[in-house]
Amino acid sequence: MQKLFRWASKWWPGLIPLAVMWGFAAWNNTLPVEADLSARSSAALKGTVLDKTRIAVDGRDVSLVADAFSEEGRRDAVMAVETVPGVRLVDDRTRLVPEAKPFVWNAERDVVRVTLSGSAPLPSIKGRLTEAARKEVGGVEVADQMGLARGAPPRFEAAAMLLLDQIGKLKDGKITITDTKVNLSGMARDLGGREAIAAALKNLPEGFSIAANDVKAPPYIFQAYKDPVAATVTLTGYVPDNAIHAAIATSAARKFFTEKVVDNLKASIGAPGSFNTAVIAALGALSRLSTGTLVVSDREVKLSGDALYEGAANDIRAGLGKDFPKTWQYKPEITVKPAAGPVDGTVCQQLFTDLLAKGKIRFAPKRADIDPDSAAILDHLIETALRCPNTNVEVAGHTDADGEDGFNRALSEKRAQAVIDYLVKAGLPASRFTAVGHGSTQPVAGNDTDEGKVQNRRIEFLVR
């Protein structure tokens, strides 16, 4: 017995390295098998729709963890792995993605980003929605906060894509799909945007409907800026159509302003009622200012700037709203331009001549009633008369050759007197002015053309 024990004690330590070598060989052979099964199991799942997929292989047993989007999809995934050659057992740890009731999806836009939230039915749809949003609002950040859920209505992706086409038309706002009901709110980016969105919503997929559309139009803005240094009047903003555009531009250039009119107006829908009437009246008030800004925002008129003298400022403030519709509001912010220094008679005459060369005092046909649109030129003449208080001025009226000489002479004198009455009403002494009517006896152009007749119908200021 002792001999056997001594013999055994000599060989059994040799079993230890044999066991280690056997274990290493077995492990070394198992690794390639497990890696191969893992790769082939992953390949088998390429045709399935899963999320958060993980595969673990232990020998020839495969553990499958994944989120599926339908019971059928879950079963197909497990079966695909079970049929992989070499797989002995599949440990099914798949589960269904939670169902959203109701199924809600949102697209919200603010100043800096577009945020997509709520639920998307599949990872591929989630990616396509995010990419579509980036394309629609190029350069704006798109934040993807969407989760995945079951329960989307049929044709959800088509509806969401159509609504994402509208997000670019919003300055800010929110679009929501709740099951098959669509809600929109916010402010359109441009005039006409609200109408364009409403038109697009008529093409929603079958089964979807509008629960609420509270998209507002941006303010309808018209602006005019009078710059005495550049001698320009710049028109910007919107007008309802080409006809009104032409009427406003023509009134500005031919009736109100002697300065160059820079026309940057664009036609767009959304103008309030009586837009044309109110804007032309406001431009007439602006023309009486030395420098000024006119802003028409929907039905509100803001006029700010410097009148040429105190009486004109009071007159503009009092009369601004008289020509506006009753539903309109107006805010005059009129100050008075600092008085210019006095000048002598020679300079005064040159100033009068220059003013009347640029603009005309107009009257009603065959009458001595001064056209209200002549207020701007009269204000400038009054400002000049205030600068030379020690001079006397002859106001001379002239007509064209149409009509009888006696009538024309009387009409021309009445028109000259009407101008003096306007100056006196503004605060100038009546004793400084004398009315003279020359009729058609002193033409400056031929009376055989309409253009010549227009030049002959005039008022002159002569310093005496």
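This report walks through some backbone features and aromatic pairs of the structure above.

The model is predicted, so to speak of local features a pLDDT of at least 70 is needed, side-chain atom pairs count only at pLDDT 80 or more, and totals for chains, interfaces and linings use all residues. Residues are numbered from 1 along each chain as its sequence is written, and side-chain values use heavy atoms, with hydrogens and water left out.

**Backbone**

Let us start with the backbone. Most peptide bonds are trans, and most residues other than glycine have a negative phi. Going from K101 to P102, the peptide bond is cis, with omega near -5°. P102 belongs to the loop that runs between β4 (95-96) and β5 (104-109). Helices here are DSSP runs of H or I with at least four residues, strands are runs of E with at least two, and both are numbered from the N terminus.

| Residue | Phi | Loop | Relative accessible area |
|---|---|---|---|
| D179 | about 55° | between β9 (170-178) and β10 (181-188) | 33% |

**Aromatic pairs**

Now for the rings. Those of Phe, Tyr and Trp (its six-membered ring) pair if their centres lie within 6.5 Å; planes under 30 degrees apart count as stacked, over 60 as edge-to-face and the rest as tilted. How many aromatic pairs does this rule give? The count comes to nine.

One of them joins F103 and F156: the ring centres are 5.3 Å apart and the planes stand at 80°, so this pair is edge-to-face. F103 sits in the loop between β4 and β5 while F156 is in helix α5 (residues 156-167), so the pair ties together parts that are 53 residues apart in sequence.

Finally, one aromatic cluster is formed by Y220, F222, Y238 and F275.

Terms used: Buried means under 20% relative accessible area, exposed over 50%, partly exposed in between (1.4 Å probe, protein chains only).
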